[in-house]
Amino acid sequence: MIKYTLGSTSLATVRGQEDYTQRIKNMEISIDEWSQIKNNIDYIGVTENFKDVITTFSTDPNQTPAGFRRELVLDGNVLKVDLVRDISYDSDGELRPTNVLFSADSANPYEIVPMKNLISNLTCNPGIVYDLFINNPEANIGNQFKDRDEVMTEIAKILGPGVDISVELNNPFEKNFDTILEEAEKFKNMFSKHRVVIKVPHTGVVTSENVNELMLEDKKLSRDFKNVSTEDSFYSHNLCLKLREAGYRINYTLMFEPYQTNLALQAKPYFINTFLRQRLVQSETIQNYVKIYDLTKDITILKNLRQY
């Protein structure tokens, strides 16, 4: 079997792009692509996005970084190579070993170091940053890290280009969208536009007026889940759409039901986080109530089920 690469076409390189094209000479192409290139193309080069990726991530001068798929783009008589963000790819445009991509939920730099080459996404919520790391003396050794920005900057240094970083907004209920964009922009500058993903929680019945109830006493809302306006029901969906229009990829999280996930797809997120375990536990509990009632016909069981 003959292996065809861009380098085997012997095409001239666009002047001034030699350092970039050195990274893609080993890019495999089909025999049909090879024939078309040899007969119709005069030069080989790279896109402006390709240059930006290489400038952002300092990697081996003979490689393209992990987390990007290499694509061919025809521009007149020049064949250009682009780098498209895709965390299913390792360095040099090779697919990762399996279709299963792993995500970690951590803000502890010491934890992240040994796993950085094995994951494709990292999630960092404000609560995880402060409760489980900064304010935990056993984790934040010597109180080295003082605030969220210090932690996130360190994590960005540790993780390679192949790992997306999903970061949650401090206040998704912020009424001024420009303020939300300012926070998102800060993280884009910290992680680069190629790695940053904004994490938006599915809010539903939770609003800016009652969100604090989740932190008090029984941690339950005083308002029934059915008692919610249409605007509140779709608040987070519309926030996702607005952030996407502003150029951000979205990690849409905090969903527990299948219909919530299907509807969330309408908001065009990059990731979806659905908490299947909690739904499974609830379904099994309900099923158990029904089984006991079938055996005993005890009306108390039905009352307990309705209460549950």
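Thr21 is found in helix α1. Helices here are DSSP runs of H or I with at least four residues, strands are E runs of at least two, and both are numbered from the N terminus. This is a predicted model: local features need pLDDT of at least 70, side-chain atom pairs count only at pLDDT 80 or more, and totals for chains, interfaces and linings use all residues. Residues are numbered from 1 along each chain as its sequence is written, and side-chain values use heavy atoms, with hydrogens and water left out.

Gln17 sits in the loop between β2 (12–13) and α1 (18–21). The table gives burial and contacts. Buried means under 20% relative accessible area (1.4 Å probe, protein chains only). Contact means heavy atoms within 4.5 Å.

| Residue | Relative accessible area | Contacts, leaving aside neighbours within four places in sequence |
|---|---|---|
| Gln17 | 9%, buried | Gly45, Val46 and Lys51 |
| Thr21 | 2%, buried | Thr13, Ile44, Gly45 and Val46 |

Now the helix pair. The axes of α7 (residues 177–191) and α9 (residues 235–245) come within 11 Å and cross at roughly 60°. So α7 is oblique to α9. Oblique covers the angles left over when those under 35 degrees count as roughly parallel, over 145 as roughly antiparallel and 65 to 115 as roughly perpendicular. The crossing of α7 past α9 is right-handed, meaning that the near helix is turned clockwise from the far one by less than a right angle.

Helix α7 brings Phe177, Ile180 and Leu181 to the contact, and α9 brings Leu239, Lys242 and Leu243. Five of these residues are nonpolar, none is polar and one is charged.

Technical notes. Axes are lines fitted to C-alpha atoms, for helices over the stretch in contact, and angles run from 0 to 180 degrees between N-to-C directions. Ala, Val, Leu, Ile, Met, Phe, Trp, Tyr, Cys and Pro count as nonpolar, Asp, Glu, Lys and Arg as charged, and the others, Gly among them, as polar. Buried means under 20% relative accessible area, exposed over 50%, partly exposed in between (1.4 Å probe, protein chains only).
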